[in-house]
Amino acid sequence: MTHLQTVFLCLVIMVVKLYAQNGDTTFGIFRQKEYYFSNSFVLNWFKAVELCRARGMFLLSVRNPEEREAVIEYLDSTGYLKTHTKLMVWMSANDLGEEGEFHWASTGERMSYLNWRENEPNNDMAGGTAGEDCAAMEYFEGTGANYNFTFNDRPCTENLLFLCETLPA
């Protein structure tokens, strides 16, 4: 590691510690990714994508069990799950291009880690919605594995919390 890289890393660590001391838990670095968590406001999927891109980040992609664990670890560090019994956050996965073919908008990759909740994705059109084309990760305390950070397709126009991330180099 060069001297410049070491100085930069120290600066990043100092900034993160400063934010943590001031109670700001919206930003964190875990397992080589940086995260931004919208723990105080909700957006529809399209606006969440825009906000993440404006921050130089991407809407969350969870491509394997290790990435899922890193996200859970980060969310646990924010304290959000200690004060809330449920969580629904947008991910970048969607089937807007072709129904039933989910891809990560952040990378263009087809979803291969299929951590869907039981009977999902189902493109539910209940209530007259246009269908469910965008994916969210859900957690409901005390409901078992089916709601333990599993995926669910939701209407893209629904307002949910979201997670932005940097992609690994």
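User: Which residues do ring pairs link into a cluster?
Analyst: Rings of Phe, Tyr and Trp (its six-membered ring) pair if their centres lie within 6.5 Å; planes under 30 degrees apart are stacked, over 60 edge-to-face and the rest tilted. The residues that ring pairs link into a cluster are Phe102, Tyr113, Trp116 and Phe151.

User: How many aromatic pairs does this rule count?
Analyst: The model is predicted, and local features need pLDDT of at least 70, side-chain atom pairs 80 or more, while totals for chains, interfaces and linings use all residues. Residues are numbered from 1 along each chain as its sequence is written, and side-chain values use heavy atoms, leaving out hydrogens and water. By the ring rule, the number of aromatic pairs is ten.

User: Is the pair of Phe102 and Trp116 stacked or edge-to-face?
Analyst: Phe102 is buried (under 20% relative accessible area, with over 50% exposed and the range in between partly exposed; 1.4 Å probe, protein chains only), at 6%. Trp116 is also buried, at 16%. Their ring centres are 4.9 Å apart and the planes stand at 65°, so the pair is edge-to-face.

User: Which strands hold Tyr139 and Phe149?
Analyst: Both residues are buried. Their ring centres lie 4.8 Å apart with planes at 20°, so the pair is stacked. Strands (E, at least two residues) and helices (H or I, at least four) are DSSP runs numbered from the N terminus. The pair ties together parts ten residues apart in sequence, because Tyr139 lies in strand 6 and Phe149 in strand 7.

User: What arc do the buried residues of helix 2 cover around its axis?
Analyst: In helix 2 (residues 45–54), Trp45, Ala48 and Cys52 are buried. The arc is that of the directions from the helix axis to the C-beta atoms. These residues lie on the same side of helix 2, because they cover an arc of only 60°.
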